[in-house]
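Subject: Structure handover

Hello,

Please find the structure below, followed by notes on what turned up in it.

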Amino acid sequence: MPAGNVILVGFMGAGKSVCGRLLARRLGRCFVETDDMIVARDGRPIAEIFRQDGEDTFRRLEAEAVEALRLKSGGVIATGGGLPCREGRMDALRELGTVVWLRGDLADLLARASRTGARPMLIVRTPDEVEALYRAREPYYARAHLTVDTAGLGIDQVVARVLGRLRDSHAARV
Ligand code: S3P
């Protein structure tokens, strides 16, 4: 039985942080980001963890964050873009609550990602490699309970759509 969290997944630039924060406010819930949990625990910014210790170390820290979230209920959780994309990860996330994929158009996602902070997974890749990464990740995201298309929507519209889908899905379960 899900622990009542709402978990946002999606590629970099999907708006998980900003949408998650607003969603939490609208629902009167706590908001937590897996990237923030990792930074708080490790003491280094994400980019530095990647630079000094490599991606594998970061993915291990993500696994620890998911483990720690098993104690949490009733929150809104924004995950890093690569967090769901490991064997067994979507199963673990689905056990934490309702998983929502914020699906967007790749060009829009990348435009937003490049405006909002350094992303180690993007700086070392050509556009073709980024697209391949996105395509490889889609099947993981697609295992979310709910998929919300965000193309062409402003953040308030995305939040409204997520809230509507959550209400519909809870109503369907009653
Ligand atoms: C990553 C996405 C980032 C962050 C890290 C790795 C990825 O989070 O976790 O840089 O592999 O896609 P955002 O999705 O919030 O950018």
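There are three aromatic pairs in the structure. Rings of Phe, Tyr and Trp (its six-membered ring) count as a pair if their centres lie within 6.5 Å; planes under 30 degrees apart are stacked, over 60 edge-to-face and the rest tilted. One of the pairs is Phe11 with Tyr134, which is edge-to-face, at 5.0 Å centre to centre and 80° between the planes. This pair links distant parts of the chain, 123 residues apart: Phe11 lies in the loop between β1 (5-9) and α1 (16-27), and Tyr134 in helix α8 (residues 127-141). Helices (H or I, at least four residues) and strands (E, at least two) are DSSP runs, numbered from the N terminus. Phe11 and Tyr134 are both buried, where buried means under 20% relative accessible area, exposed over 50% and partly exposed in between (1.4 Å probe, protein chains only).

Another pair is Phe50 with Phe58: the centres are 4.9 Å apart and the planes are at 40°, so this pair is tilted. Phe50 and Phe58 are buried.

On provenance: this is a predicted model, in which local features need pLDDT of at least 70 and side-chain atom pairs count only at pLDDT 80 or more, while totals for chains, interfaces and linings use all residues. Residues are numbered from 1 along each chain as its sequence is written, and side-chain values use heavy atoms, with hydrogens and water left out.

A charge also sits over a ring: the charged end of Arg103 is 5.2 Å from the centre of the Trp101 ring. The criterion is NZ of Lys or CZ of Arg within 6 Å of the ring centre and within 35 degrees of the ring normal.

Next, the helix packing. Helix α2 (residues 34-42) packs against helix α4 (residues 55-69) at an angle of about 105°, and the axes are 9 Å apart. Axes are lines fitted to C-alpha atoms, for helices over the stretch in contact, and angles run from 0 to 180 degrees between N-to-C directions. The two helices, α2 and α4, are therefore roughly perpendicular to each other; the classes are under 35 degrees for roughly parallel, over 145 for roughly antiparallel, 65 to 115 for roughly perpendicular and oblique for the rest.

On the α2 side, the residues that meet α4 are Thr34, Asp35, Met37, Ile38, Arg41 and Asp42. Their partners in α4 are Phe58, Leu61, Glu62, Glu64, Ala65, Ala68 and Leu69. Contact means heavy atoms within 4.5 Å. By type, the residues of this contact are seven nonpolar, one polar and five charged, with Ala, Val, Leu, Ile, Met, Phe, Trp, Tyr, Cys and Pro as nonpolar, Asp, Glu, Lys and Arg as charged, and the others, Gly among them, as polar.

Within α4, Ala65 is buried at a relative accessible area of 6%. Beyond its neighbours within four places in sequence, Ala65 is in contact with Met37 and Ile38. Ala65 and Ile38 are 27 residues apart in sequence, with 6.8 Å from C-alpha to C-alpha.

- Tyr141, in helix α8, has 0% relative accessibility and so counts as buried. Not counting residues up to four places away in sequence, Tyr141 touches Val9, Gly10, Phe11, Gly81, Pro84, Cys85, Met90 and Trp101. The C-alpha atoms of Tyr141 and Trp101 are separated by 6.0 Å, with the two residues 40 apart along the chain.
- Leu102, in strand β4 (residues 97-103), is buried at 1% relative accessibility. Its contacts outside four places in sequence include Leu8, Val9, Lys16, Cys19, Val148, Thr150 and Val162.
- Thr150, in the loop between β5 (146-149) and α9 (155-173), is buried at 7% relative accessibility. Leaving aside neighbours within four places in sequence, Thr150 is in contact with Leu102, Arg103, Gly104 and Val158.
- Ala24, in helix α1, is buried at 4% relative accessibility. Not counting residues up to four places away in sequence, Ala24 touches Arg29, Cys30, Phe31 and Val76.

Regards
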